[in-house]
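I opened this entry to keep track of what I looked up. Short notes follow the structure.

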Amino acid sequence: MASLDIQGVTKSFGATRVLHGIDLAIHDGEMVVIVGASGCGKSTLLRIVAGLETSTSGAVLIDKVDVTPLEPADRDIAMVFQTYALYPHMTVFDNMAYGLKIRRVPKPEIRRRVQEAADLLSIGQLLDRKPRQLSGGQRQRVAMGRAIVREPKLFLFDEPLSNLDAKLRVQMRAEIRSLQKRLAVTSLFVTHDQVEAMTLGDRLVVMNEGRAAQIGTPMEVWSRPADTYVASFIGSPAMNMLPATLAEGGAAARLADGTVWRFTDGARPGGEGRAVILGIRPEHLMPDAAGLAVTIDLAEPLGSETVVHGRLRDGTALTARLPGGIPQEPLILAPDLAALHVFDAADGKRLDPA
Amino acid sequence: MRKKVIFRGAALPYLLLLPQMAVTLVFFFWPAGMAVWQSAQREDAFGLSTEFVWFENFSDLFHDPIYLNAAWNTVIFSTSVAALALGAALFLAVQADKQIRGSGLYKTLLIWPYAVAPALAAVLWLFIFHPSIGLVGRAFAAIGVDWDYRVNGGQAMAMVIIAAAWKQVSYNFIFFLAGLQSIPASVLEAAAIDGARPMRRFWTVVFPLLSPTAFFLLVVNLVYAFFDTFGVIHALTRGGPGNATETLIYKVYVDGVQNLNFGSSAAQSVVLMIIVIGLTAIQFRYIERRVHY
């Protein structure tokens with residue numbers, strides 16, 4: 001088990017810069033999830049850590065040892081691929097034993113470790129099968145098993161759940177998490193799915209266009225998003241963004257239609273008239289006679305609650321998660337002012353009370 | 001999925017099959033039948049009388065040391081050509097599959113030899129290996145090697161093997177390259193992370209995944225070496241010196257066309273026909289069972 005330090009890693013493909021200096025320190029036994037839309041550079045970062053890509057500048061340290069110039073083979077890591085990347089011509093046993101055979105582990109020891117990992121993942125009865133005889137979920141387990149038997153310093157996961165169906169994905173997600181906790185292996189997990197990120201990670205790295213937009217625990221990222229990108233990316237349905245200007249010397253915000261909402265946690269800097277964006281999560285909107293009138297475009301009943309997609313009078317889209325069934329028009333909604341997020345309209349950064 | 005076409009009546013489908021059937025009958029079944037018929041006959045030197053001798057031509061054949069020598073030559077020649085052509089093609093395909101500048105150009109150049117006619121290829125090799133005007137021939141002379149394929153049987157055999165293999169490398173190269181490109185990059189990356197060095201990766205992952213392609217090519221190469229190398233041998237050595245490079249297919253030509261011994265030549269053709277049927281059967285059996293990973 002080991003720590004992982006990523007120091008100022010950048011990557012360019014020709015003239016295109018895909019990573020603009022990533023710094024990240026992962027503690028021993030911690031699981032960090034890198035989440036972001038496709039093309040944000042998250043897989044590239046993982047591949048740099050694995051040694052499958054070389055960084056343009058910066059360093060990768062495993063257990064405080066600089067591994068930047070080392071081949072993947074010498075880094076003592078294991079990786080689970082999106083396509084599982086099992087060796088098609090080998091049995092499940094040979095797939096899992098391959099790395100151990102190369103490291104010249106004695107045969108009885110190999111058998112013991114493979115059996116142990118197989119039992120842990122309940123694939124013990126599949127050891128003689130070839131990968132093509134397995135279902136997607138079973139292949140996924142074999143790929144996990146291949147990583148576990150090696151007992152590496154670091155686990156890398158490259159979107160390992162995205163080829164599974166929804167139900168299996170939820171199940172494997174829980175299994176990976178409990179397994180990782182049990183084995184206490186330092187892990188780096190890449191995904192584009194924010195639910196996966198929230199549930200799996202001790203900490204999240206939200207990436208946007210080659211930069212780490214925010215690094216923090218899932219709850220930190222959810223409750224105090226660093227900018228509008230993180231705010232709209234994390235949370236489902238996505239956060240509502242309403243343009244506004246500061247009023248009352250920064251202690252309140254005035255919406256386009258003149259409605260004034262007072263901040264409950266103090267004044268924002270910048271003074272009267274500063275353009276801001278107000279973020280309200282759909283679950284923090286509730287019916288209130290003193291609120292904003294909403295015309296309903298679409299209501300999605302989910303049983304215990306209903307997701308309402310609507311529009312304000314000036315056409316701004318607004319989504320709300322309301323308890324109960326489909327609400328009646330006219331719908332008047334107001335936010336929980338304590339849960340209001342304020343961002344600078346110019347650069348999208350979070351504005352906290354001065 | 002293949003679309004099933006349904007014809008009304010039986011006339012049209014038979015009509016559509018007719019040209020192919022006619023070609024097969026006229027150019028395959030009829031000559032093959034003639035060969036089988038002739039292989040059981042013996043004709044005198046002037047073609048005046050013909051005698052039906054049952055299997056005497058065959059039994060003579062298998063007791064003829066020259067024929068057995070040709071059979072042995074064929075074994076040496078075919079296995080060497082197949083081994084050389086497969087080995088060289090695999091090596092080149094692995095190199096061309098790497099991410100290198102101008103790999104497209106290399107690939108194109110490597111495919112070219114296939115478009116060269118056998119006789120032209122032979123002349124090319126003649127210019128390379130000729131003891132007095134050839135590039136390699138003179139180089140051998142310069143370093144004191146007694147090189148003359150016109151008198152040394154072993155050297156002649158080596159030369160026809162190289163020339164014949166060279167022609168087949170392109171074909172094998174295309175298949176190996178396609179095979180290599182169908183191996184997912186992530187599988188190789190997984191092996192790299194598992195600790196396998198490039199050589200080990202090749203022998204434990206790449207090569208086993210290529211083995212279906214390699215087996216297919218082995219049969220194709222053997223068939224090529226058995227039957228399609230007449231042109232190369234004819235242009236380079238004419239089966240000589242002595243009978244050193246005389247293979248079975250070349251002997252059919254020598255006995256039938258030059259020596260006008262139709263009975264024996266026909267018997268030899270029948271033997272070759274049986275071999276090609278055997279190889280084709282192996283091929284078909286294999287294709288049906290082909291392992292899909």
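The notes below go from conventions to chain B, then to chain A.

**Conventions.** The model is predicted; local features need pLDDT of at least 70, side-chain atom pairs count only at pLDDT 80 or more, and totals for chains, interfaces and linings use all residues. Residues are numbered from 1 along each chain as its sequence is written, and chains are lettered from A and ligands numbered from 1 in the order in which they are written.

**Chain B overall.** I started with the secondary structure. Chain B has 12 helices and two strands. Helices here are DSSP runs of H or I with at least four residues, strands are E runs of at least two, and both are numbered from the N terminus. I read the order along the sequence as α-β-β-α-α-α-α-α-α-α-α-α-α-α. The C-alpha trace of chain B spans about 75 × 75 × 30 Å along its principal axes.

Next I checked burial. Of the 293 residues in chain B, 30% are buried. Buried is taken as 20 or more other C-beta atoms within 10 Å of the residue's own, exposed as 12 or fewer, and partly exposed as in between, with C-beta atoms placed from the backbone. I also looked at contacts with a separation of 6 or more in chain B: residues 24 or more positions apart account for 69% of them. A contact means that two C-beta atoms, placed from the backbone, lie within 7 Å.

**Chain B against chain A.** I listed both sides. Chain B gives 16 residues and chain A gives 18 residues. On the chain B side, the elements giving two or more residues are helix H8 (185-193) and helix H9 (198-227). H8(B) provides the largest share, six residues. By class, I find 10 nonpolar, two polar and four charged residues on the chain B side. Nonpolar covers Ala, Val, Leu, Ile, Met, Phe, Trp, Tyr, Cys and Pro; charged covers Asp, Glu, Lys and Arg; the others, Gly among them, are polar.

**Domains of chain A.** Chain A is divided into domain 1 (4-232) and domain 2 (238-344). The bounds come from an automatic or database domain assignment. I noted 38 Å between the C-alpha centres of the two domains. Their contact takes five residues from domain 1 and seven residues from domain 2. The domain 1 side has two nonpolar, two polar and one charged residues.

**Helix H1 of chain A.** How many residues of H1(A) are buried? Nine of the nine residues in this helix (42-50) are buried, so I call H1(A) mostly covered. Lys42(A) and Arg47(A) are among them. After H1(A) comes Gly51(A), with a positive phi near 90°.

**H2 and H4 of chain A.** I took helix H2 (92-102) with helix H4 (136-149): their axes come within 8 Å and cross at roughly 30°. The pair is therefore roughly parallel. The contact residues on H2(A) include Met96(A) and Gly99(A), and those on H4(A) include Gly145(A) and Arg146(A). By class, this contact has five nonpolar, three polar and one charged residues.

**Val276(A).** I ended in strand S14 (residues 275-280) of chain A, where Val276(A) lies. Is Val276(A) buried or exposed? Val276(A) is buried, because 22 other C-beta atoms lie within 10 Å. Beyond its neighbours within four places in sequence, Val276(A) contacts residues including Ala244(A), Leu246(A), Phe343(A) and Leu351(A). I also checked Thr295(A): Val276(A) and Thr295(A) are 19 residues apart in sequence and 24 Å apart in space, C-alpha to C-alpha.

Terms used:
Axes are lines fitted to C-alpha atoms, for helices over the stretch in contact, and angles run from 0 to 180 degrees between N-to-C directions. Angles under 35 degrees count as roughly parallel, over 145 as roughly antiparallel, 65 to 115 as roughly perpendicular and the rest as oblique.
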